[in-house]
Amino acid sequence: MLHRLRQLAPLLVIVIFIGAIWLLTKELKHYNINDIRSAVVQIPAWRLWAAGGLTVVNYLLLIGYDYLAVRAIEHPLSLGKISLASFTGFVTSYNFGALLGGTSVRYRLYSAWGLSAVEILQLMLMLGTTYWIGVFALAGIVFISHPFPIPASLHLPFSNVQPIGWMLLSVAIVYASLTLIRKSPIRVKGIELRLPGTKMTLLQLFVSAGDLLLVAAILYTLLAHNLSIGYGEFLGIFLMATVTVVLSHVPGGVGVFELVILTLVASPSSAKILAGLLVFRVIYYLIPLFFAIIMLGLHELSLNRGLAQRVLQQANRWSVAIAPLILSWCTLLAGAVLLFSGATPIVTARLGHLQETLPLPLVEISHFMGSLIGAALLVLARGLQRRLDSAWWLITSLLSLGILVSLLKGFDFEEALLLSIVLFGLLISRGQYYRKGTLIHDRFSLPWAGTILVIVICSLWLGLFAYRHIEYSHELWWAFTFKGDASRFMRGSIGAMAVVLLFAFSKLVAAQKPQTQPPEADDLALVKQIVTTSPITATRLALLGDKSLLFNQQQTAFMMYGIQKRSWISLGDPVGPEEERAELVWQFRELVDLYDGWPVFYQIRPENLSIYLDQGLTILKLGEEARVPLKNFELSGGKRRKLRQAINHCQQANCEFSVIPREEVPSILPELKRISDDWLQSKGAKEKGFSLGFFDEAYLARFPIAVVKQQGTIIAFTNILEGAGKEELSADLMRYQQTAPPGVMEYLFVELMLWGQTQGYAWFNFGMAPLSGIESRPLSPVWNRTANLIFRYGDHFYRFEGLRSYKEKFDPVWTPKYLAAPGGLALPQILRDVVALIGKTRTATHRRSHDGPLG
C-alpha cells in the first residue's frame, strides 16, 4: 500500500504545481511579460553584486550541514570531500527538488567514499533534522516577534501567524530538551539512531538559522526597493514560502515559492516582485549549478596530478559517480530554457537588428526548430543518466544546433552561452557514455516523467500568460511577420508537444515483457561454451538449469539470476569477456527496472566493484573465499598432523580415491543417487540450489566425479569443477553415506587437491566462509559490526566460525566477496530475500544427459 502511495506522489506534485500556476496567473492578471522584463533591467547593479556576494557566503555556510552530519555518525571523511558533497548536493536539490536532486547526488558520492547505506541514511536524517529544527526555531521566534496577517481567502482559524509560531517554537524546544534527557540511541526497524549531544544541537541551530537568515537577506536585497516592510517581517514571509516549497516537492519550487511571496508581500507592483524573484533564481540557483559542474571536473583532475600530458588525458574523465547524473539534469534544464525562450517574445531592442540582418523565413524556421530541440532534449536527457552512447551523440548534435538557432531566432546569446556550457561538459566527459542500449526501451520513472510534464506545462503557461492580451484567431497559425511572436509560440508549442507525445507513443509500442523463465536446452548449450573459457569454477553453476539467464547481444557473455519478491539476485559477476561485463550489468539493471525490482549482485569479486559503484549501489562485504595454492601444497609439518591422521584412518579402513572420467559418470549415477538420498536423510535436509549444486543427473553428467570407495563400493563423492587454463579446481556437490569412516571428506579433499596438483592446477577453491574477515571497529559501519557479532556468536544457528576454522586447516588465501544492492530501508528486505532464495528447497530431478541434446 505504501509503495503504491509513493508511486502516486509525483502525480500529487503535478496537481500542486498546476494549482500554483493557476493562482499565480490570477495574481499577475494585470501585468504582461514586458512589464516584468522592464523591472528586471531596473534592478540596481550594486544589489546584484551584493546578492552574489551573500550567495557565496551562504554556500560556504551550507557545508556546515554535511560537516555536522558526518561528524555525528563519527566518520573520518575529509573536509574537502564533505564540501564537494554539500555544494553539489544542495545545488542539485535547489534546482531539481528532493525527488531527483540532492539525495541522489549525496548517496552516489558518499557511497563511493566508503559510507554504508545505514550511515548514509543516518546522515540524511541528520541533515533533515538540522534544517527543520532550525526552521522551527527561527520561524517560531520570527512569527511571534513579527507576526504578519494571513489572507482571509485561506479561511484559517487565526488572523496572523503568531499561533503557528508558538507551535513551531514548542517543537524546537521539545527536540532540544530530548537531546538533553535521552542519551541512549533510538532503534527503528533495526536501525540505530543516536540523538546529538547538547553541543551538536546548538551547532545545528546555529548553522540552520544562519543559512535561513542569509538566503532571506539575498532575496530581500533584490526586493527591498519595491517593499514597504522591513527585513524582520519579510523574513517571516520567506520562511513560510520555504516551508511550503519543501512540503510541495515541486522540483525547484517553481511557481509555489513565487506564489507564496507574491500573496503575502504587500507591494503595489507584483511585476517588480516577480522580476526580483526571477533574478534570485538565476543568482542563487542557476549560476551555482554550473559552478558545480566545473568543480566536479576540477575534482577529478585533482585526483590525477602529474605531468601536463597526464592532466590533458584526465580532462576527459569526470567523477564517475556523479557527472552523468548532473549532466542529464543540465540537459533537462537546457531543454526547458529553449521551450521557455520559444514561449516568450523576442527582446524589443534586438528586433530591429534582426529585421536588418536576417530573412524572415530563417527566423521562423529557427524559432520552430528551437522548440523542437527543447522538447527532444527533455526526453533524451534520461539517456545520459544511463550513459547511453546514442544519447550522447544525439544530445551533443542537438545542443550544437540549438546554439545556432538561438542566435538566428533573436540574437539570444545568453541562451547560446548556457547551451555551450552544457555542450562543453558533455564533450569533456565523452568517455562516460559507452553503453550501446536503445533510447526507446529506456525506462522512465514517475518522478522523471513528472518533471518533464511540469516543464511542458510551465512553458505553455508562460506563452499563454505572455500573449493573453492577444485575441485568438485561426489566422494566427499562418501569420509570418517579425512581430508575430504569438504565432511562433503557437506553432512551436504544437511541435514540442508532438515530439513528447511521439516519444511516449513509441515507448508504448516498443514495450515488451522480458523472458524470465528457466533456460531452455539451447541456452544451456550456449552457456556451456562460455563457461569452458572461464577460469572461475563457480560459473559452472549456471549449468544447473535452476537460474534464469541473460545474454548480451553478441551472446558472448551472460548473467545468471533468480527472483525472490522484488529482489532480482544475480549470482556472481557477469561471465564472459571483461570488456562486456559493465554493459551486461546495465542490461540486467534495465531488465529489473521494467518490473520495478531491486537489482542485487551476490558474491561479486573485488576487481569488479567499480562496475557496481557506477550503478550507485551499496557494497557490503559478505565474507571471504578460501583458495589453496596447489603448487606448494604438501602434508608434511605440524599443521597437517590432523589431516594426516584422517587420511591414515581412511586408508586403514580400506578406502581408495579415484576420479571417474565424465564419459563413465552415467553408469554410476544410480549409486551416487543412493548415497545422496542417504546423506539427505541423515542430515534431515532437503536439496538447496542457486549458489550451490543439487543432485541432478544431467548436471552431474557434465563433470568428472571424484569418489571414495571402500572395498569397491562408493561411499563418498563430489563433482569436480575445472577452471579454464587450469587456473583453479573446486568441488561442488559433496555427499557421503552414514556408514563412511570419520574424516572421509578430509580424505576426499586432500586426495583431490593432490590430484589437481599433478594435473597442473594452480588453486583449489574451497568456496566462501560467510561473514568471515569482516572487521568490527568503533568507526566501522553498522553492517560490519553486526556481521562480526553474528560470526562470533551465531554458531547456534549456523556454523559461521566453525566453517572458517575447518577451511583454515588447509592454509588458504582468503579473498573478499561482496554483495551490491540498493541501500537505505530496502536493504534489510533484500538480505532476507537473498537468504530465502538460497535456502529455497528444490525437487530432485533425474534428467538423463544422454537422452537429450546436451550430453
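In which loop is Gln711 placed? Gln711 belongs to the loop between strand S9 (705–710) and strand S10 (713–722). The structure is a predicted model, in which local features need pLDDT of at least 70, side-chain atom pairs count only at pLDDT 80 or more, and totals for chains, interfaces and linings use all residues. Residues are numbered from 1 along each chain as its sequence is written, and side-chain values use heavy atoms, with hydrogens and water left out.

View 1. Most residues other than glycine have a negative phi. Phi of Gln711, however, is near 55°, and Gln711 is exposed at a relative accessible area of 67%. In this classification, buried means under 20% relative accessible area, exposed over 50%, and partly exposed in between, with a 1.4 Å probe and protein chains only. Gln555 is also not a glycine and has a positive phi of about 55°. Its loop runs between strand S3 (548–551) and strand S4 (558–564), and Gln555 is partly exposed, with a relative accessible area of 44%. Strands (E, at least two residues) and helices (H or I, at least four) are DSSP runs, numbered from the N terminus.

**View 2. Packing of helices H13 and H15.** Helix H13 (residues 323–343) packs against helix H15 (residues 360–385) at an angle of about 160°, and their axes are 8 Å apart. Axes are lines fitted to C-alpha atoms, for helices over the stretch in contact, and angles run from 0 to 180 degrees between N-to-C directions. H13 and H15 are therefore roughly antiparallel to each other; angles over 145 degrees count as roughly antiparallel, under 35 as roughly parallel, 65 to 115 as roughly perpendicular and the rest as oblique. The contact of H13 with H15 comprises 14 nonpolar, ten polar and no charged residues. Here Ala, Val, Leu, Ile, Met, Phe, Trp, Tyr, Cys and Pro count as nonpolar, Asp, Glu, Lys and Arg as charged, and the others, Gly among them, as polar.

**View 3. Packing of helices H16 and H17.** The axes of helix H16 (residues 389–410) and helix H17 (residues 413–428) come within 9 Å and cross at roughly 160°. H16 and H17 are therefore roughly antiparallel to each other, and the crossing is left-handed.

**View 4. The enclosed helix H10.** Eight of the nine residues of helix H10 (residues 256–264) are buried, so H10 is largely enclosed by the rest of the structure. Among the buried residues are Val256, Phe257, Glu258 and Leu264.

View 5. Rings of Phe, Tyr and Trp (its six-membered ring) pair if their centres lie within 6.5 Å; planes under 30 degrees apart count as stacked, over 60 as edge-to-face and the rest as tilted. By this rule the count comes to 19 aromatic pairs. The ring centres of Tyr561 and Trp568 are 5.8 Å apart and their planes lie at 20°, so the pair is stacked. Tyr561 is buried at 1% relative accessibility, and Trp568 is buried at 5%. One aromatic cluster is formed by Tyr59, Phe87, Phe280, Tyr284 and Tyr285. Arg627 lies over the face of Trp763, at 4.6 Å from the ring centre; such a charge has NZ of Lys or CZ of Arg within 6 Å of the ring centre and within 35 degrees of the ring normal.

Conventions
Left-handed = near helix turned anticlockwise from the far one by under 90°.
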